[in-house]
Amino acid sequence: MEFLFYIFLLLCIYSYFVYPLILKAIPVRKPGEADAAMDGPRTLSLIITVHNEEDRIREKLENTLALDYPREHLEVIVASDYSTDTTDSIVESYADRGIKLVRADQRKGKEYAQLCAIREARGDILVFSDVATTIPPEALQNLATAFNDSRVGALSSEDRFVSQDGRVAGEGAYVKYEMWLRRLESDRAGLIGLSGSFFAARREVCEDWDIYSPSDFNTALNCAKLGMVAVSSPEVVGIYQDVKDASLEYRRKMRTVIRGLTAIVRHPEVLSLSRMGLFAFQVWSHKIMRWGVPWFMLGFAVLTLLLQSRGGVYQVALVAQLVFYGIALLGWLSARARENTVVRIIFFFVQTNLALARAVWSFLVGKRMTVWTPSRR
């Protein structure tokens, strides 16, 4: 049991702390050759995926029209996931300003709506975004430049998280950590998942478009299969707010994990070290091991209790866990307590792992999710 105690402790911290250290020890990937010279800017197709966004679509379209990129080289398509409100008619009112509506013939989810738009897009680079994300004016220029590296098959934005009151919340600190980890992965075998709210890919990377897997994961996988990499760029930023209802955020995380597990099951080759090499190692370390953290934490807690008679480090471990979970409980009971940064981060971490545990369990008992419902922010 003492041996298992330390094994479970290692499993608890591996994905968050040990894995980044291993990545830092791996040499940085060398850039590819420069792409052949082009006559003028690249042609981009910006695909905005929506479902019943009548309250937010105008703001998104105005943000899009304000982007600093040559209009003759920028195609804007709104991919409507069979919206039933006035979203489509609002988009059609922007037709004279160059906005094109592509409506899915049935509601089959975000990826299907994106596929409908891909079929009609004419750009060399396809850019994907959603309504909740604000794109800075210079982002597309910086994005297009990144594709001058011939090995870059896809590019993910870096998220800038803004809470409802403008302050950094628990998830804000978490997002900063995730962006740092993505940069480490980006410099090695490439990202294993892109920011679903704002990313771009070469047209050839999007030819194998799986409508039953998250597009941000499938795009990174397609890059690896083609001998390319998906990268992140601090110069390409997507800005979004936290959700107004914490319970909605909990359900969003559940949906994300269930969809991620579905993608792994549909594409098991992504876990093959012999076929995918370092990319597969990153998937194991970042995804599989992290999805296991709540179960590792449970096992660690049980072992701690069973080892109390041994005294010493095991009693210290018990006190530390009681304090940790006590702070999380305080954050759950008191919104005022969550104003404290430490309480906020611990509460968010525990809440996230509860969502992970429930999502994994739901997946194992047969739950799947294909229909997309955007989070209200």
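Okay, let's start with Y6: at 43% relative accessibility, Y6 counts as partly exposed, where buried means under 20% relative accessible area, exposed over 50% and partly exposed in between, with a 1.4 Å probe and protein chains only. Before I go on, this is a predicted model, so local features need pLDDT of at least 70 and side-chain atom pairs pLDDT 80 or more, while totals for chains, interfaces and linings use all residues. Residues are numbered from 1 along each chain as its sequence is written, and side-chain values use heavy atoms, with hydrogens and water left out.

Rings of Phe, Tyr and Trp (its six-membered ring) pair if their centres lie within 6.5 Å; planes under 30 degrees apart are stacked, over 60 edge-to-face, and the rest tilted. How many aromatic pairs does that rule give? The count comes to 12. Take F5 and Y6: ring centres 5.1 Å apart, planes at 85°, so we call that one edge-to-face. F5 itself is buried, at 3% relative accessible area.

Next up, Y19 and F281. Their centres are 5.9 Å apart with the planes at 70°, so this pair is edge-to-face. What I like here is that the pair links distant parts of the chain, with Y19 in helix α1 (residues 2–25) and F281 in helix α10 (residues 278–291), 262 residues apart. Helices, by the way, are DSSP runs of H or I, at least four residues, numbered from the N terminus. Is Y19 buried or exposed? Buried, with a relative accessible area of 0%, whereas F281 is partly exposed at 23%.

There's a cluster as well: ring pairs join Y16, Y177, W180, F324, Y325 and F349.

Now charges over rings, meaning NZ of Lys or CZ of Arg within 6 Å of the ring centre and within 35 degrees of the ring normal. K108 has its charged end over the ring of Y112, 4.8 Å from the centre. R338 does this with F347, lying over its face at 5.1 Å from the ring centre.

N222 is in helix α7 (residues 215–225) and is buried at 5% relative accessibility. Not counting residues up to four places away in sequence, N222 touches V205 and D208, contact being heavy atoms within 4.5 Å.

And Q308? That one lies in the loop between α11 (293–306) and α12 (313–333). Its side chain reaches the backbone oxygen of T304 at 2.9 Å. Leaving aside neighbours within four places, Q308 is in contact with Y314, Q315 and L318. The C-alpha atoms of Q308 and L318 are separated by 8.1 Å, 10 residues apart along the chain.

Key:
Helices (H or I, at least four residues) and strands (E, at least two) are DSSP runs, numbered from the N terminus. A polar contact is a pair of N or O atoms within 3.5 Å; within protein, one must be able to donate a hydrogen and the other to accept it, and residues adjacent in sequence count only if both atoms are side-chain atoms.
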